[in-house]
Amino acid sequence: MNIPDDAFYGLLAKAVQLRDGETLQRTIYHALRHAILNGQLQPKSRLPGSRAIAQQLLLSRNTINAVLDQLATEGYLLRDRQGSQVATLPHSSAIDTTASSAISLPPHLSQLPAGTRRDSPVLAFTPGTPAVNYFPLPLWRRLLDRVWRDEGSMLLGYGDSAGEASLRVAIARHLALSRGIDCDASQVVITEGAREGLNLCTQLLSERGQPVWFEDPGYFGARSAFISAGLPIHGLPVDEEGMCFTSSELPAPRFIFTSPSHQYPLGNLMSAPRRLAWLAFARQHDAWIIEDDYDSEFRYSGEPIPAMLGMVPNAPVVYLGTFSKTLFPSLRIGFVVMPKALAKSVQPAIHSLLRGGHRVEQRTLAHFIEEGHYARHLASMRRLYRKRQAQLRAAIQQELTLPHCISAGEGGMHLTVKIAGIDDGKVVDLARQFQLAPAALSRFYLDPSQGETGLVLGYGNTSASRFVAGIRTLNRLMVQTRRGSE
């Protein structure tokens with residue numbers, strides 16, 4: 001230990017004494033995480049054992065082990081039979097946390113690209129589609145009726161271009177509790193889904209020709225947004241710790257697009273050292289990280305991983321969220337969270353770019369969140385999806401005869417199955433004849449011919465009763481197409 005035991009226990013005891021509404025587990029987690037990030041706990045220093053910490057603080061050993069496991073999962077600690085050791089993180093001095101007094105904006109803000117409408121049929125194994133039949137529709141109707149009854153014609157105008165104030169306040173409170181983001185309503189902009197949030201980022205923060213560093217494989221909806229904005233994309237590989245940090249000869253990026261909490265489509269979690277390295281890199285190169293917080297609500301081991309936006313003060317991060325995956329897709333409500341300095345600078349431009357609207361739905365969603373229904377629905381969906389994932393894994397083990405491996409899968413609503421030597425695009429095209437709609441893994445790569453092959457299997461919208469027959473059909477198609485190519 002680089003600090004005496006009395007100092008170590010002192011900082012934990014003080015945190016427990018000053019805790020403000022948090023559980024003891026979260027209080028100790030935040031205290032240790034903060035001590036690691038600010039250097040109070042030095043890299044490679046060892047912590048006391050969980051039994052000793054529990055006895056000293058008069059707490060359950062299970063509580064302490066849960067904290068240490070969470071910190072190890074995020075990459076702040078290394079745990080082995082000898083105990084817990086502080087991981088080596090990038091120097092905090094490399095991350096300049098001072099906010100800019102002014103942020104210059106590109107000159108083309110008046111140009112609004114035409115939006116595209118997507119209408120995907122909900123077939124079995126469709127990735128990214130929630131279990132809409134479990135949504136509490138009667139409750140939603142009652143809240144909707146209440147909004148119409150109480151406010152009626154007052155909500156028929158455009159409203160605030162950044163979205164309804166009540167919803168922005170509700171989102172800020174929810175993010176503070178669930179994602180570790182300290183923000184207020186002025187930093188939140190309501191959008192029509194995550195795609196409009198991406199379009200807003202490109203319009204506000206870039207000019208044509210500025211490079212984007214992009215996960216490869218990665219979300220092709222985001223790729224389309226960048227291409228339509230005239231931003232060249234450079235792919236970076238993804239490993240077990242998320243998007244790889246590289247010192248290659250790529251041109252310096254304007255945007256770094258990543259989905260750190262549950263990489264899409266591979267499902268990997270970006271480690272804390274990798275996150276801090278990217279934050280430092282973005283600050284040093286005047287780049288913006290666009291954090292797509294995909295599927296962060298559905299994590300099945302440990303607690304949700306805090307967002308990059310909340311890791312350091314004034315992080316160079318624009319955070320994207322959406323309710324399409326947690327509630328229902330046709331709601332078309334997403335949001336962007338910006339650092340304070342950026343939110344203040346772009347406010348006039350947002351009033352020019354956005355018109356507001358969907359006020360009744362936004363007010364209804366605000367009630368849904370503030371009254372606790374959203375948190376309860378998320379908890380219910382976590383239980384459902386955790387069970388479905390286990391059942392899908394069993395079906396894959398039972399029915400898939402080709403050599404394969406499952407990528408990550410600690411959360412979310414899909415499993416990615418890597419299967420070498422198949423024409424996954426052809427398999428996916430044939431599968432639609434059988435009312436099956438998995439995605440081809442190779443199509444998520446910037447160059448599909450150079451990418452790994454396999455299937456991305458969504459289970460959010462698919463009853464477990466269809467898993468065995470569905471995987472059996474996909475296995476037959478893969479075997480047939482493989483033989484046809486031999």
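Colour by secondary structure first: the protein has 14 helices and 14 strands, where helices (H or I, at least four residues) and strands (E, at least two) are DSSP runs numbered from the N terminus. The radius of gyration is 23 Å, close to the 23 Å that the globule rule gives for 486 residues, so the protein is as compact as a globular protein of that length. That radius is taken over C-alpha atoms, and the rule is 2.2 Å times the number of residues to the power 0.38.

This is a predicted model, in which local features need pLDDT of at least 70 and side-chain atom pairs count only at pLDDT 80 or more, while totals for chains, interfaces and linings use all residues. Residues are numbered from 1 along each chain as its sequence is written, and side-chain values use heavy atoms, with hydrogens and water left out.

Stay with the whole chain for a moment. The C-alpha trace spans about 70 × 60 × 55 Å along its principal axes. Buried residues make up 54% of the 486; buried means under 20% relative accessible area, exposed over 50%, and partly exposed in between (1.4 Å probe, protein chains only). Of the contacts (heavy atoms within 4.5 Å) with a separation of 6 or more, 75% are between residues 24 or more positions apart.

Next, select residues 22-89. The UniProt annotation "domain: HTH gntR-type", from an unreviewed entry, covers this span; such annotations may be inferred rather than shown by experiment. The span is 53% helix and 12% strand, and its end C-alpha atoms lie 27 Å apart.

Now show the open sheet of eight strands, ordered β3-β10-β9-β8-β7-β4-β5-β6 with mixed pairing. Two strands pair if DSSP finds at least two bridges between them. Which strands are at the edges? They are β3 (188-191) and β6 (242-243), each pairing on one side only.

Select β3. Val 188 and Ile 190 are on one side, Val 189 and Thr 191 on the other, and all are buried. Four bridges join β3 to β10 (residues 334-337), and the two strands run antiparallel. Val 189 has Val 336 in β10 as its bridge partner.

Strand β5 (residues 233-239) and β6 pair in the antiparallel sense over two bridges, and Met 243 in β6 is the bridge partner of Val 238.

Then select β7 (residues 255-258). In a regular strand the side chains alternate between the two faces of the sheet. Here Phe 255 and Phe 257 point one way, Ile 256 and Thr 258 the other, and all are buried. On one pairing, β4 (residues 212-216) meets β7 in the parallel sense over three bridges, with Phe 214 opposite Phe 257. β7 also pairs with β8 (residues 288-292), in the parallel sense over four bridges, and Thr 258 stands opposite Glu 291 in β8.

Last stop: Ala 131, in the loop between β2 (83-86) and α5 (137-151). Is Ala 131 buried or exposed? Ala 131 is buried, with a relative accessible area of 2%. Leaving aside neighbours within four places in sequence, Ala 131 is in contact with Met 381, Leu 384, Tyr 385, Arg 388, Gly 460 and Asn 461. The C-alpha atoms of Ala 131 and Leu 384 are separated by 9.0 Å, although the two are 253 residues apart along the chain.
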